[in-house]
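Dear colleague,

Please find the structure below, followed by an account of what was found in it.

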Amino acid sequence: MIIDCHGHYTTAPALHGEWRARQEAAIKSGGDIDPAYPDISDDEIRETIEANQLRLLRERGADMTIFSPRASAMAPHIGGELVAKVWARRSNDLIKRVIDLYPETFVGVCQLPQSPGVSIANAIDELERCVNELGFVGCNLNPDPSGGKFDSPPLTDRAWYPFFEKMVELDVPAMIHVSGSCNCAMHATGAYYIAADTIAFMQFVEGDLFGDFPSLRFIIPHGGGAVPYHWGRYRGLSDMLKRPPLVEHVMKNVYFDTCVYHQPGIDLLFEVIDVENILFGSEMVGAVRGIDPQTGHYFDDTKRYIEALTISDEDKRKVFELNARRVYPRLDAQLKARGL
């Protein structure tokens with residue numbers, strides 16, 4: 001089985017986006033921030049999925065995607081806490097509808113109702129709803145709800161602890177994922193995403209979060225940001241800061257995906273990072289959708305890069321399936337219930 005750990009509903013029906021536009025207009029006008037939600041038919045959802053994510057999964061030979069709302073549209077910096085709660089619920093409910101239509105192919109990860117300056121504890125209710133009622137297996141956690149100001153406390157700060165306690169209780173991981181950038185100096189997917197991934201890793205190095213939460217698990221997407229490329233820097237900084245070696249201090253709890261869009265980048269990732277810490281991901285129909293003129297293949301067809309590696313079949317199975325089942329135990333339980 002091949003499990004893609006990183007998928008977003010970037011092709012959601014237009015009516016969903018139009019509803020969000022009405023909500024944003026209501027923020028400015030003082031109107032209803034939860035206007036009547038449109039009647040999106042199952043056929044409209046099928047059309048958006050079957051022409052895009054499902055088609056590409058079949059063409060590229062993958063079996064399942066861990067699926068969440070569009071990351072760039074989470075936009076917690078737009079509106080306040082109530083707006084974020086309504087938007088997250090609408091977005092997560094739409095993901096649930098996709099799962100109900102294609103239960104063999106998609107499994108849910110939720111958007112959280114985060115908002116700048118608001119306690120992350122206020123997002124616990126939505127996490128519990130999505131895990132306990134909708135059957136989701138994890139969440140996307142935004143380390144910078146400001147949209148590019150980076151004015152939240154580091155992930156190792158105790159302000160985050162109530163949410164981490166709930167993650168441990170529910171036994172779910174979080175993918176570290178910022179949203180759209182409101183900072184014109186930071187392109188969202190080319191700069192902000194990679195910067196946030198890297199910043200989160202350094203926060204883990206500086207703190208002792210996993211001493212307090214030994215079973216807490218995070219996936220840092222986009223190949224770990226700049227971390228694998230600068231692995232020597234982080235090993236050196238860890239030593240200078242009198243932290244334990246990275247393999248003991250951080251990498252028992254942190255995983256990287258394979259959303260790296262060229263072969264040399266994947267080669268480096270696997271040379272530097274232990275195979276036990278790498279999950280297959282593509283983020284297809286996402287940040288980079290075009291065809292690479294140097295190869296003639298889609299940039300985000302990351303399965304091809306892994307297949308080209310000179311690693312054992314056993315290691316490839318870890319990356320394609322077993323690591324995801326270990327990091328997402330609720331997914332593993334669902335698959336075992338299906339006899340897989």
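**Surroundings of Val-254**

Leaving out residues up to four places away in sequence, Val-254 touches Phe-201, Phe-204, Phe-210, Phe-218, Ile-220 and Asn-277, where contact means heavy atoms within 4.5 Å. This is a predicted model, in which local features need pLDDT of at least 70, side-chain atom pairs count only at pLDDT 80 or more, and totals for chains, interfaces and linings use all residues. Residues are numbered from 1 along each chain as its sequence is written, and side-chain values use heavy atoms, with hydrogens and water left out.

Val-254 lies in strand β7 (residues 254–257); strands (E, at least two residues) and helices (H or I, at least four) are DSSP runs, numbered from the N terminus. With a relative accessibility of 0%, Val-254 counts as buried; the term means under 20% relative accessible area, with exposed over 50% and partly exposed in between (1.4 Å probe, protein chains only). The C-alpha atom of Val-254 is separated by 5.9 Å from that of Arg-217, although the two residues are 37 residues apart along the chain.

**Strand β3 and its partners**

Strand β3 (residues 106–111) is mostly covered, six of its six residues being buried. Three bridges join β3 to strand β2 (residues 64–69), and the two run parallel; strands pair if DSSP finds at least two bridges between them. Within this pair, Thr-65 stands opposite Phe-106 of β3. The chain passes from β2 through helix α4 (residues 81–101) to β3 in a right-handed β-α-β crossover, that is, with the strands pointing away from the viewer, the path from the first strand over the helix to the second runs clockwise.

Strand β4 (residues 138–141) is also parallel to β3 and is joined to it by three bridges. Here Cys-110 has Cys-139 of β4 as its bridge partner. The crossover from β3 to β4 goes through helix α5 (residues 124–133) and is right-handed.

**Asp-4 and the cysteines**

Asp-4 belongs to strand β1 (residues 3–9). Asp-4 is buried yet has no salt bridge, and the nearest side chain of opposite charge, Arg-60, is 6.9 Å away. A salt bridge is a side-chain nitrogen of Lys or Arg within 4 Å of a carboxyl oxygen of Asp or Glu; Lys and Arg count as positive and Asp and Glu as negative, while His and the chain ends are not counted.

The count of disulfides (pairs of cysteine sulfur atoms within 2.5 Å) comes to zero. Cys-5 is in no disulfide, the nearest cysteine sulfur being that of Cys-259, 6.4 Å away. Cys-5 is buried, at 3% relative accessible area, and Cys-259 is buried at 6% relative accessibility.

With kind regards
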